Amino acid sequence: MQAQILAPAAVLVVWSLIMLFWMAGVRLPALKKAGIDLGARPGGRGQDLEGQLDPRANWPAHNYAHLMEQPTLFYAAVTILAIMGPGAADALAAWIYVGLRIIHSVWQASVNKVPVRFALFILSTFALLFLAVRAAIATLLADPSALPA
């Protein structure tokens, strides 16, 4: 069962790298079009491009940053469940989380209407909450004698 719970995590890793390339593919031409020289200012960061590029050129970067935030909790939860022994509902919730995050990425990087993006985020967060609670239960109840009396 470990492979079933780890497969969604592996897919999300691959998706995160796809978003990295999507970000580069959109931002690099936008930098050139705006006449911005990356080597002109040492220590620059992606956030420095806000207001200098067409907002659409920053949307994939915003999503890539999001994929480096909340999904870290997802990776921890599925790793805990893989170690402790996941159930079928855990694997389903993991796939739901990953599917919603991929849809969220495509939406944010292309259309970026906030109400839909927020709904996708909230739905994926509920899937993550389920996984987090299951991981906590799996570890807290693994040794009932470890719980306070």
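Two aromatic rings of Phe, Tyr or Trp form a pair if their centres lie within 6.5 Å. The legends below use this rule on a predicted model.

**Figure 1. Ring pairs link Phe74, Tyr75 and Tyr97 into a cluster.** By the ring rule, the count comes to 2 aromatic pairs. In one of them, the ring centres of Phe74 and Tyr97 are 4.6 Å apart and the planes meet at 20 degrees, so this pair is stacked. Planes under 30 degrees apart count as stacked. Phe74 belongs to helix α3 (residues 71-84) and Tyr97 to helix α4 (residues 88-110), so the pair ties together parts that are 23 residues apart in sequence. Is Phe74 buried or exposed? Phe74 has a relative accessible area of 0% and is buried. Tyr97 also counts as buried, with a relative accessibility of 0%.

**Figure 2. Phe74 and its contacts.** Residues up to four places away in sequence are not counted in this view. Beyond them, Phe74 touches Pro8, Ala9 and Leu12, then Ala94, Tyr97 and Val98, and also Leu128 and Leu131. Phe74 is itself part of the largest nonpolar core, and is listed among the residues with the most contacts inside that core.

**Figure 3. The largest nonpolar core has 20 residues.** Which residues have the most contacts inside this core? They are Ile5, Leu12, Phe74, Val78, Ala94, Tyr97 and Leu131. Two or more residues of the core come from each of the helices α1 (2-34), α3, α4 and α5 (114-140). Another core, of 5 residues, lies apart from the largest one; among its members are Ala30, Leu31, Leu49 and Leu53. As background, nonpolar side chains in soluble globular proteins tend to be buried together.

**Figure 4. Ala94 in helix α4.** Ala94 is buried, and its relative accessible area is 0%. Leaving out residues up to four places away in sequence, Ala94 touches Ile5, Pro8, Phe74, Val78 and Leu131. The view also takes in Ala7, which is 87 residues from Ala94 along the chain. The C-alpha atoms of Ala94 and Ala7 are separated by 8.8 Å.

**Figure 5. A salt bridge joins the side chains of Arg134 and Asp90.** How many salt bridges are counted? The count comes to 1 salt bridge. Between Arg134 and Asp90, the distance from N to O is 2.7 Å. Arg134 sits in helix α5 and Asp90 in helix α4, so the pair ties together parts that are 44 residues apart in sequence. The two partners can be described by their accessibility. Arg134 has a relative accessible area of 29% and is partly exposed, whereas Asp90 is buried at 0%.

**Figure 6. Arg101 is buried yet has no salt bridge.** Arg101 is placed in helix α4.

**Figure 7. Asn112 in the loop between α4 and α5.** Asn112 has a relative accessibility of 13% and counts as buried. Residues up to four places away in sequence are again not counted; beyond them, Asn112 touches Trp59, Trp107 and Arg117. The backbone angle phi of Asn112 is near 60 degrees, which is a positive value in a residue other than glycine.

**Figure 8. The whole protein, for placing the close-ups.** The protein has 5 helices and 0 strands, and its elements run α-α-α-α-α from the N terminus on. Its radius of gyration is 19 Å, well over the 15 Å that the globule rule gives for 149 residues, so the protein is more spread out than a compact globule. Along the principal axes, the C-alpha atoms fill a box of roughly 65 × 30 × 30 Å. Of the 149 residues in the protein, 32% are buried. Among contacts with a separation of 6 or more, 77% are between residues 24 or more positions apart.

Key:
Residues are numbered from 1 along each chain as its sequence is written. This is a predicted model: local features need pLDDT of at least 70, side-chain atom pairs count only at pLDDT 80 or more; totals for chains, interfaces and linings use all residues. Side-chain values use heavy atoms; hydrogens and water are left out. Rings of Phe, Tyr and Trp (its six-membered ring) pair if their centres lie within 6.5 Å; planes under 30 degrees apart count as stacked, over 60 as edge-to-face and the rest as tilted. Helices (H or I, at least four residues) and strands (E, at least two) are DSSP runs, numbered from the N terminus. Buried means under 20% relative accessible area, exposed over 50%, partly exposed in between (1.4 Å probe, protein chains only). A nonpolar core is a set of buried Ala, Val, Leu, Ile, Met, Phe, Trp, Tyr and Cys residues joined through side-chain atoms within 4.5 Å. Contact means heavy atoms within 4.5 Å. A salt bridge is a side-chain nitrogen of Lys or Arg within 4 Å of a carboxyl oxygen of Asp or Glu. Lys and Arg count as positive and Asp and Glu as negative; His and the chain ends are not counted. The radius of gyration is taken over C-alpha atoms; the globule rule is 2.2 Å times the number of residues to the power 0.38.
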